[in-house]
Amino acid sequence: MNLRQLEAFKATIQAGSISGAAELLNISQPSVSCLVSDLERSVRFPLFAKKGRGLVATPEARQFFKAVETMFIGIDSLKTTAEAIRYSAGGELSFGVIPSLVNSMMPIAVKKFQEVHSEVNVSVSVRNTPEIVEAVLMQQLDLGVVSGAFPLDGVEIIHQTSLDYVCLMPSCHALSRNSDVDLFELDLAEVVTLNAKITDDSLQVFLKQSAAKTSGLLTSHSVPAIAAMARETGRIAIVDPFTARLNIRLGDMTMRPFKQDLRYTVAIIARGTSTLSLASKQLAEIVIKQLQETTNPV
C-alpha cells in the first residue's frame, strides 16, 4: 500500500462515493476506483459495498480507517511543523545595525518583515561596525548591517554596496542654492562630520588634511548626532542618504550631492549563510532591497 491509495480510501469514506472522492482529490473517478481496488488487494479484505448510488464502508474498513485517520493526523502535524520551521513561527532573530541606519532604513525593514513574520521575536542591537562583527562571530547576532573596509575576517558578506555621502544643511543655508557642493571649497569650521579615525574611504583624506588646520571642529562617531548638531548649529553635515532623508522629513533641512565621488560601503554580514534560518535570510533580502532603492540619494 502507499500514501496515494490511503488518501483515496480516506476520501471515499468521507464523501460516501467514488465521484465525491474524485472531487475532493481533484482527480478522475477511474483513478480513485483504481487506487481503492489496489488497496483492497493489498489489505486482502473488501473495503466498500454498494448502497444505492453510493458506497458504504465494510466493518473491516471502518476498523482500518481508525488507523489510517491516526496516520493522517500525524502527517498533518508534520506539515504544521514544517510550516512553522519555514516561517520560524515563535522563533527569534537578532541583528546588529550601525547608528546611521537605525532611525531610517531599519524600522522600514523590520515593519516589512513582521508583516509576513508576525510571530518572530526580533531584537535590534545598535552598535558600531567592530562590535557588530565581533557579536556575529560570537553568534550573539544572526545578522549585521555594517560599514567600512571589506572583506572582514571570519564573517560572510551576504550583500555589499556603495552609497554616496551627501551634504545635509538647513534649508536657509547659502549652499542650498547650489546644485551640488564642492567638498574642497568647504571651511571645515562650518562642517559637522564623522571623526576621521573611523572613516576608511575618500572622506578620510579630506578630514585628516583639514582637521589639522581647523579650530572649532565638530565631529562625532554617530551620524544621527552629526545631523542633529547641524540642525541646531546651522552648519552643514556630511552624512549618508538615509540619515539625510530622515532629517528632511523632520523639516527645515535639505541635501545636495557632492561634486567629488565621495562614497562609503555598506554590507550585510553573517557567520555563514548555510547556518542562517529562513527568516534571517528573508530579513536580509528585505534589507538588500532597501539598500538597492537608495541608489540616487538626491
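At roughly what angle do the axes of helix α2 and helix α3 cross? Let me start there, with the reminder that what we are looking at is a predicted model.

Helix α2, which covers residues 18-25, and helix α3, which covers residues 29-43, have axes that cross at roughly 105 degrees and come within 8 Å. Because angles from 65 to 115 degrees count as roughly perpendicular, α2 is described as roughly perpendicular to α3. On the α2 side, the contact is made by Ile18, Ser19, Ala21 and Ala22, while α3 contributes Gln29, Val32 and Ser33. If we sort the residues of this contact by class, we find 4 nonpolar and 3 polar ones, and no charged residues.

Let me now step back to the whole chain, which has 11 helices and 12 strands. Of its 298 residues, 44% count as buried, and its accessible surface comes to about 15800 Å², with 50% of that belonging to carbon and sulfur atoms. When we take the contacts between residues at least 6 apart in sequence, 71% of them join residues that are at least 24 apart.

Next, please look at the open sheet of 5 strands, where the order is β9-β8-β10-β7-β11 and the pairing is mixed. Its edge strands are β9, at 218-220, and β11, at 253-257, each of which pairs on one side only. From one strand to the next, the twist averages 25 degrees.

Within this sheet, strand β8 (residues 191-194) pairs with strand β10 (residues 236-239) in the parallel sense, over 2 bridges, and valine 191 has isoleucine 236 of β10 as its bridge partner. Two helices pack on the sheet, and I will take them in turn. Helix α9, residues 223-233, touches β7, β8, β9, β10 and β11, and its direction makes about 175 degrees with that of β8. Helix α10, residues 241-250, touches β7, β10 and β11, and its direction makes about 150 degrees with that of β11.

Apart from its neighbours within four places in sequence, serine 94 is in contact with Ser123, Gln140, Leu141, Asp142 and Leu143.

Notes
Residues are numbered from 1 along each chain as its sequence is written. This is a predicted model: local features need pLDDT of at least 70, side-chain atom pairs count only at pLDDT 80 or more; totals for chains, interfaces and linings use all residues. Side-chain values use heavy atoms; hydrogens and water are left out. Helices (H or I, at least four residues) and strands (E, at least two) are DSSP runs, numbered from the N terminus. Buried means under 20% relative accessible area, exposed over 50%, partly exposed in between (1.4 Å probe, protein chains only). Contact means heavy atoms within 4.5 Å. Accessible areas come from the Shrake-Rupley method with a 1.4 Å probe; for residues, only the protein chains shown count as cover. Axes are lines fitted to C-alpha atoms, for helices over the stretch in contact, and angles run from 0 to 180 degrees between N-to-C directions. Angles under 35 degrees count as roughly parallel, over 145 as roughly antiparallel, 65 to 115 as roughly perpendicular and the rest as oblique. Ala, Val, Leu, Ile, Met, Phe, Trp, Tyr, Cys and Pro count as nonpolar, Asp, Glu, Lys and Arg as charged, and the others, Gly among them, as polar. Two strands pair if DSSP finds at least two bridges between them.
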